[in-house]
Amino acid sequence: MAAPTRQDTKKYFENLSGAGKSIAVLTSGGDAQGMNAAVRAVVRMGIYVGAKVYFIHEGYQGMVDGGENIKEATWESVSSMLQVGGTVIGSARCKEFRTHEGRLRAAHNLVQRGITNLCVIGGDGSLTGANLFREEWSGLLDELLEQGLIDEAAASSNSVLHIVGMVGSIDNDFCGTDMTIGTDSALHRIIEVVDAIMTTAQSHQRTFVLEVMGRHCGYLALVSALACGADWVFIPEMPPEDGWEENMCQKLSENRADKKRLNIIIVAEGAIDCHNKSITTDYIKDLVVRCLGFDTRVTILGHVQRGGTPSAFDRILASRMGVEAVLALLEASANTPACVVSLVGNQAVRLPLMECVQMTQEVQKAMDEKKFEEAVRLRGRSFENNLNTYKLLSYRKADSELPNGEEADEEEQIHSSFNVAVMNVGAPAAGMNAAVRSAVRVGISEGHKMFAVSDGFEGFYKGQIKEIKWGDVGGWTGQGGSLLGTKRTLPAKHMDKIAEQMRIHNINALLVIGGFEALECLLQLYEARADYEEFCIPMCMLPATISNNVPGTDLSIGADTSLNAIVETCDRIKQSASGTKRRVFIIETMGGYCGYLASVGGLAAGADAVYIYEEPFDIRDLQANVEHLTEKMKTSIQRGLVLRNENCNENFTTDFIYQLYSEEGRGVFDCRKNVLGHMQQGGAPSPFDRNFGTKIAAKAMQWITRKLKESYKGGKVFANSEDTACLLGMRRRAMVFQPVSQIRDETDFVHRIPKEQWWLKLRPLMKILAKYKTSYDVSDSGQLEHVSRLRPKETDTAAI
């Protein structure tokens, strides 16, 4: 395991005790997938630190009504709820809580049980209500005291109410957070429907108009349009200008003329035109039929988007947020403002609740005043990035508009028309095709000639290089695997031939999309620059591998799809044992020596133990795990889940662990084993991977254009500085271009993993939720930040 850095500044939560404290958790407002994972994390973390934890059933209504609605939670009471959509403890919209009398009754119910810590999971309305409750708390206690409902002792021991919020909303309409709980799952539902509709639309050459949720926020519509390559999207934040009807119909007919057999138009339910007039799906359908005569159908997704099982992303997000919420409550003092725990980039943060609420309300105000650009800016960088990428990809410029078109003067043509090659290297990963499509289209929009290299560097040295046009990549976003073809071949043995092909095709820049091999390839080309001038060109690598083992980035294209495959399978496997006697499943995952899939998959599936290479283990650990499971199985818990990374230990094989558990668990539980194999690599890409691939490829192409212009001198491109061979990766909160020469030092080439891996910090979290005593480093959390309004350009994150 990577040695901890800055040991002296580390802060561990063992110092934080919940003894004598009571925490209540409630879900309020519209339900969202992942709320149960958040409830489970709050309950287990609360119990773990020694606090009493209560469920408040039916949201604020249950708080007002009291009685059986407020029940103490046990460890077992949240078992098996991780994979369930909606909210098990119920949610309701409550009019009574909006009245002073209602809040007085709620306060009385909490004081009776000594609850002074409240964790609220809901939208901005629910969180605003919680904050008002907190502000009124001391006044409410005085009233209860006056009425003789509580005594002095109760008033003083419950004098401060602490509140932490988590945002559960499928619309992703809350400012200050990149993703709210439920958004990713709602996107999964939308994309499942769109993928299914595309096959029938293709058969009949139809146009489909789809309405998705989002009364005041167009996030779902915008991201699903990006993820399925829709022809047109309508969102409240970007009303179309006058004359949009004609522009849209022109685009639809152009796409049909370009051999495209279907059109998809996505409409947010709150879509408006620039005169604040609502744009409905029926209006769009009638328009298309009247102007173009296309066979057109309308599909309204409705509550399908709220349903179904939560995605892997939402389970991990909610689990991280739930643990963070308990830590925030333990650390709160009398004057700590109510906060929300949230995600920015890949990092958990705490933000003052009312700052976020005010900013969310400002968005609506800006939209009411028709200040749409301001509204988009206030929505935050994640939304802004999505919108900018959509605009980049949405409209195909006519040849005459391109910088190298007929009318461009000679000087401009020389400076902006370059040949850029794009290729896949390594094993296929879902989302690669979305990245290629995005790169090709952005490249063409920037005036470049794009070339596709088939079969990685093997295809490169054999000359399998051909120009790729805008229409050639249509419909690629939803396709799994690699349509360009990919091989693991490294360039080292074929440098002469590769350099020759670069000369023949006059390649001025290279975009490589792939996993660990892609990094090795780029390093080899970079090192060969001294001998081959052909490699003195801007080169960029995008990490794409299910293993997520590329140094220089927290996330890789393809890993999310793979996690979802693992989690879905684990859910099914666990369910297969329902109704039978107690059973433990041993499941082997892929990942090479990298334990990301096993660890994060284990967190999302609710595993009891996860064995990985980065955290060495011996027979004593295995023995302890078996005993721990045996103890657990003596309670009401029926099923156990153990994940093992394929290369975690050469002697403790999956068979060995299976036999050990079978023998040691005899009489208490029986065992089954599963090797998940290549199903982790296949399948259609998840919305996250489509979107991540699309956005980072667009960003990479813009970087390539910049570098080409900087390095074009004396009629040719010459780039040999280390900052012209980069990897684009997500680091904590930002997308960063890092020279591959610097990344070399961060890499363990023998085991093909980074020397330091951020997700190892999530392992204690998984152990805590599985009831192990462990040490958890909380030095990353704990600081209350402020919502930033003005952001420096270069830390532009591509969190989705």
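Glu-58 is partly exposed, with a relative accessibility of 35%; here buried means under 20% relative accessible area, exposed over 50%, and partly exposed in between (1.4 Å probe, protein chains only). The model is a predicted one, in which local features need pLDDT of at least 70 and side-chain atom pairs count only at pLDDT 80 or more, while totals for chains, interfaces and linings use all residues. Residues are numbered from 1 along each chain as its sequence is written, and side-chain values use heavy atoms, with hydrogens and water left out.

Although Glu-58 is not a glycine, its phi is positive, at about 60°. This residue sits in the loop between β2 (52-56) and α2 (59-65); helices (H or I, at least four residues) and strands (E, at least two) are DSSP runs, numbered from the N terminus. Ser-80 also has a positive phi, near 65°, in a residue other than glycine. The loop between β3 (70-72) and α3 (100-112) holds Ser-80, which is partly exposed at 38% relative accessibility.

Turning to helix packing, the axes of α6 (residues 183-204) and α7 (residues 219-228) come within 10 Å and cross at roughly 45°. Axes are lines fitted to C-alpha atoms, for helices over the stretch in contact, and angles run from 0 to 180 degrees between N-to-C directions. The two helices, α6 and α7, are therefore oblique to each other: angles under 35 degrees count as roughly parallel, over 145 as roughly antiparallel, 65 to 115 as roughly perpendicular and the rest as oblique. The crossing of α6 and α7 is right-handed, a term for a near helix turned clockwise from the far one by less than a right angle, with anticlockwise giving left-handed. Residues of α6 including Leu-187, Ile-190 and Val-194 take part in the contact with α7, where Leu-220 and Val-223 are among the partners; contact means heavy atoms within 4.5 Å. By class, this contact of α6 with α7 has eleven nonpolar, two polar and no charged residues. Ala, Val, Leu, Ile, Met, Phe, Trp, Tyr, Cys and Pro count as nonpolar, Asp, Glu, Lys and Arg as charged, and the others, Gly among them, as polar.

Helix α7 also packs against α23 (residues 687-711), at an angle of about 80° and with the axes 9 Å apart. That makes α7 roughly perpendicular to α23. Val-223, Leu-226, Ala-227 and Cys-228 of α7 meet Arg-690, Asn-691 and Thr-694 of α23, a set with four nonpolar, two polar and one charged residues.

A further pair is α8 (residues 244-257) and α9 (residues 281-292), whose axes come within 10 Å and cross at roughly 65°. The crossing of α8 with α9 is right-handed. Met-248, Cys-249 and Leu-252 are among the α8 residues in this contact, and Ile-284, Leu-287 and Cys-291 are among those of α9.

Strand β6 (residues 207-212) contains Val-209, which is buried with a relative accessible area of 0%. Beyond its neighbours within four places in sequence, Val-209 touches residues including Ile-265, Val-267, Ile-284 and Val-298.

As for the cysteines, the structure has zero disulfides, a disulfide being a pair of cysteine sulfur atoms within 2.5 Å. For Cys-119, the closest cysteine sulfur, in Cys-339, is 9.5 Å away, too far for a bond. Cys-291 is likewise in no disulfide, with the sulfur of Cys-249 4.2 Å away. Cys-119 is buried at 0% relative accessible area, whereas Cys-291 is partly exposed at 45%.
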